[in-house]
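Dear colleague,

I am passing a structure on to you, and I would be grateful if you could look it over before reading my notes. The notes come after it.

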Amino acid sequence: DSQVSAFGQVCSVHTWDQNVTVSHIGDAISGCPAAERGDLTLHRVQLVPRRWHPQFAASWRRYAYVLPLTSESEVDVELMSRDLETLVGESLPYSALAYGQIETQDDECVLHHAAATLITIPANAEGGDGGSISG
């Protein structure tokens with residue numbers, strides 16, 4: 001997805017070619033431009049049954065949303081946290097904010113934790129110009 005970062009993302013590669021091994025797949029991913037730039041790190045490649053699906057097999061997901069702010073007064077973090085807490089324990093469709101149709105067996109999930117936090121990125125942070133963000 002455009003402008004989306006993932007940590008611990010699981011993906012799958014399907015092939016009918018019996019000559020392709022997990023080593024071939026690992027080498028291809030590790031040698032891609034994103035990996036060479038340091039934007040992508042491969043942790044493990046393993047063979048799984050063909051019926052396995054990364055989305056449907058996930059037992060949990062963690063999302064963090066970063067909202068760029070020009071000043072800390074733009075958002076009431078305590079109010080945002082209180083509003084988010086009202087959703088904890090609710091069964092919610094995780095595809096509600098998705099673009100387009102999501103291929104899924106069931107898009108319901110239970111939110112176990114939700115909070116807003118104000119953080120400041122130092123002006124000397126790599127690629128950052130300083131400022132506060134809420135996420």
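Below is what was found, starting with the chain as a whole and then turning to single residues.

Please bear in mind that this is a predicted model, in which local features need a pLDDT of at least 70 and side-chain atom pairs count only at pLDDT 80 or more, whereas totals for chains, interfaces and linings use all residues. Residues are numbered from 1 along each chain as its sequence is written, and side-chain values use heavy atoms, with hydrogens and water left out.

The protein chain contains 3 helices and 5 strands, where helices (H or I, at least four residues) and strands (E, at least two) are DSSP runs numbered from the N terminus. Along the sequence these elements come in the order α-α-β-α-β-β-β-β.

As for confidence, pLDDT (the predictor's confidence in each residue, from 0 to 100) averages 79 over the protein chain, and 76% of the residues score at least 70. Among the elements, helix α1 (residues 22-30) has the highest mean, 95, while strand β5 (residues 131-134) has the lowest, 47. Over residues 130-135 the pLDDT is below 50, although this stretch has 33 contacts in the model beyond near neighbours in sequence; a contact means heavy atoms within 4.5 Å.

Of the 135 residues in the protein chain, 11% are buried, a term that stands for under 20% relative accessible area, with exposed meaning over 50% and partly exposed in between (1.4 Å probe, protein chains only). The protein chain exposes about 11500 Å², of which carbon and sulfur atoms supply 53%, as given by the Shrake-Rupley method with a 1.4 Å probe. Of the contacts in the protein chain with a separation of 6 or more, 47% are accounted for by residues 24 or more positions apart.

S81, in helix α3 (residues 77-85), is buried, with a relative accessible area of 12%; leaving aside neighbours within four places in sequence, S81 is in contact with A115 and A116, and its side chain reaches the backbone nitrogen of A116 at 2.9 Å. S23, in helix α1, is partly exposed, with a relative accessible area of 46%, and lies 7.8 Å from V45, C-alpha to C-alpha, at 22 residues apart in sequence.

Finally, R50 lies over the face of W16, at 3.7 Å from the ring centre, which meets the rule that NZ of Lys or CZ of Arg be within 6 Å of the ring centre and within 35 degrees of the ring normal.

With best wishes

Notes. A polar contact is a pair of N or O atoms within 3.5 Å; within protein, one must be able to donate a hydrogen and the other to accept it, and residues adjacent in sequence count only if both atoms are side-chain atoms.
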